[in-house]
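Hi,

Here is the structure I promised to pass on to you. Have a look at it first, then read my notes below with the model open beside you.

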Amino acid sequence: MSRLQLNNNRHFPVFSHLPGEYDANFAYYNEKKGVLRPSHHWAFLGEITYDQSIVRPRYIVKDRSGDEVPIAFHHEPFDVMRYNVNPAAFTVGQTIAVFYAENHPFIDMSYGIRVNSLATIKLIPCSLDTLLSANPKNVDALTECSVCHKTGEGATLLRCSKCKTKYCSQTCQKQDWTAHKQTCVALSQVCLWNTRNWDKFNDFWDAF
Ligand SMILES: [Zn+2]
Ligand SMILES: [Zn+2]
């Protein structure tokens with residue numbers, strides 16, 4: 001299993017690359033006995049730039065190609081508790097991952113993503129740039145404190161329990177926390193995504 005690339009359209013497609021809701025797009029689906037099934041897992045990533053919510057949550061998001069599109073939420077109210085995600089509370093600057101996203105034509109002739117179930121939604125509370133620049137491999141390779149650059153030889157380095165960033169002491173870790181918070185969210189998310197094989201489709205995943 002190769003490491004996921006967040007800038008690769010196979011697993012993290014930009015909006016212009018998404019399959020159309022009414023198309024049989026064989027870059028994303030296989031046909032088996034007349035039924036279309038995903039050929040792999042994918043998630044659209046967009047950073048919230050504008051809150052358009054009126055009755056239902058609706059956000060304009062920007063993908064990594066710079067395209068801005070609406071994500072409109074039409075989930076069941078019970079989904080909020082069931083999947084522990086509340087789109088009404090999302091804020092500008094956060095990133096939304098929509099698993100198995102498709103390009104949906106809205107009634108007003110615009111295009112975007114319509115969300116019918118929160119099973120497909122993961123909120124990542126950091127910017128898209130921070131998420132895209134998170135590289136767990138760099139963290140693993142480091143042998144020094146990420147604050148004071150003291151090396152770990154002879155002394156054991158502490159690691160952030162979530163993302164494994166290394167520190168020589170609690171003092172350095174505390175000092176870094178404000179700056180580290182966003183990077184930590186991004187690194188932890190990328191590590192989590194890397195725990196599964198996105199190329200093997202058996203069933204739909206709940207967003208994670
Ligand atoms: Zn240090
Ligand atoms: Zn961390």
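Let's start at the helix near the end of my list: the buried residues of H4 pack against S9, helix H2 (128–133) and helix H3 (136–141). Before you go further, keep in mind that this is a predicted model.

Which residues of H4 are the buried ones? They are His180, Thr183, Cys184, Val185, Ala186, Leu187, Gln189, Val190 and Trp193. H4 covers residues 170–193, and its shape is worth a look: for its 24 residues, a straight helix at 1.5 Å a residue would reach 34 Å, but the end C-alpha atoms here are only 28 Å apart. You can find a kink of about 70° in H4, centred on Thr178.

Now zoom out for a moment. The chain has four helices and eleven strands. Its C-alpha trace spans about 60 × 40 × 30 Å along the principal axes. Of the 208 residues, 28% count as buried. If you take the contacts with a separation of 6 or more, 64% of them are between residues 24 or more positions apart.

Next, the sheet. Strands of a sheet pair through backbone hydrogen bonds, and they can do so parallel or antiparallel. Here seven strands make an open sheet with mixed pairing, and the order is S7-S8-S5-S4-S3-S6-S9. Which strands stand at the edges? Strand S7 (104–105) and strand S9 (121–124) do, and each has a single partner strand, so one side of each is left without a neighbour in the sheet.

Here are some of the pairings you can trace:

- S6 (residues 95–99) and S9 run antiparallel and are joined by four bridges. Look for Ala97, which stands opposite Lys122 in S9.
- S4 (residues 58–62) and S5 are also antiparallel, with five bridges. Ile60 is opposite Pro70 in S5.
- S5 and S8 (residues 111–115) run parallel, joined by three bridges. In this pair, Ala72 stands opposite Arg114 in S8.

Val69, Ile71 and Phe73 make up its covered face, while Glu68, Pro70 and Ala72 are on the uncovered one. S4 and S5 form a hairpin with five residues between the strands, and Gly66 in this hairpin takes a positive phi near 95°.

Then there is the inside. The largest nonpolar core has 34 residues, and Phe44, Ile96 and Val98 are those with the most contacts inside it. The elements giving two or more residues to this core are strand S3 (43–51), S4, S5, S6, S8, S9, H2 and H4. H4 supplies the largest share, six residues.

What does Val98 touch, once you leave aside its neighbours within four places in sequence? Val98 is in contact with Ala43, Phe44, Ile71, Ile113, Val115, Thr120 and Ile121.

You will find Ala43 in strand S3, and it is buried, with 22 other C-beta atoms within 10 Å; 20 or more is what it takes to be called buried. Again setting aside neighbours within four places in sequence, Ala43 is in contact with Phe12, Ala97, Val98 and Phe99. Also, the C-alpha atoms of Ala43 and Ala101 are separated by 6.4 Å, although these residues are 58 residues apart along the chain.

Most residues other than glycine have a negative phi. Lys33, though, has a positive phi near 50°. Lys33 is in the loop between strand S1 (29–32) and strand S2 (35–38), and is exposed, with 5 other C-beta atoms within 10 Å.

Tyr100 is the other one: its phi is positive too, about 55°, and it is not a glycine. Tyr100 sits in the loop between S6 and S7. Is Tyr100 buried, exposed or partly exposed? Tyr100 counts as partly exposed, with 17 C-beta neighbours inside 10 Å.

Cheers

Note on methods: Residues numbered from 1 in each chain as written. Chains lettered and ligands numbered in written order. Predicted model: local features only at pLDDT ≥ 70, side-chain atom pairs only at ≥ 80, totals over all residues. Pairing = 2+ DSSP bridges. Buried ≥ 20, exposed ≤ 12 C-beta atoms within 10 Å, placed from the backbone. Expected span 1.5 Å × (residues − 1). Bend = angle between axes of the 7 residues up to and from the residue. Contact = placed C-beta atoms within 7 Å. Core = buried A, V, L, I, M, F, W, Y, C linked by C-beta atoms within 7 Å.
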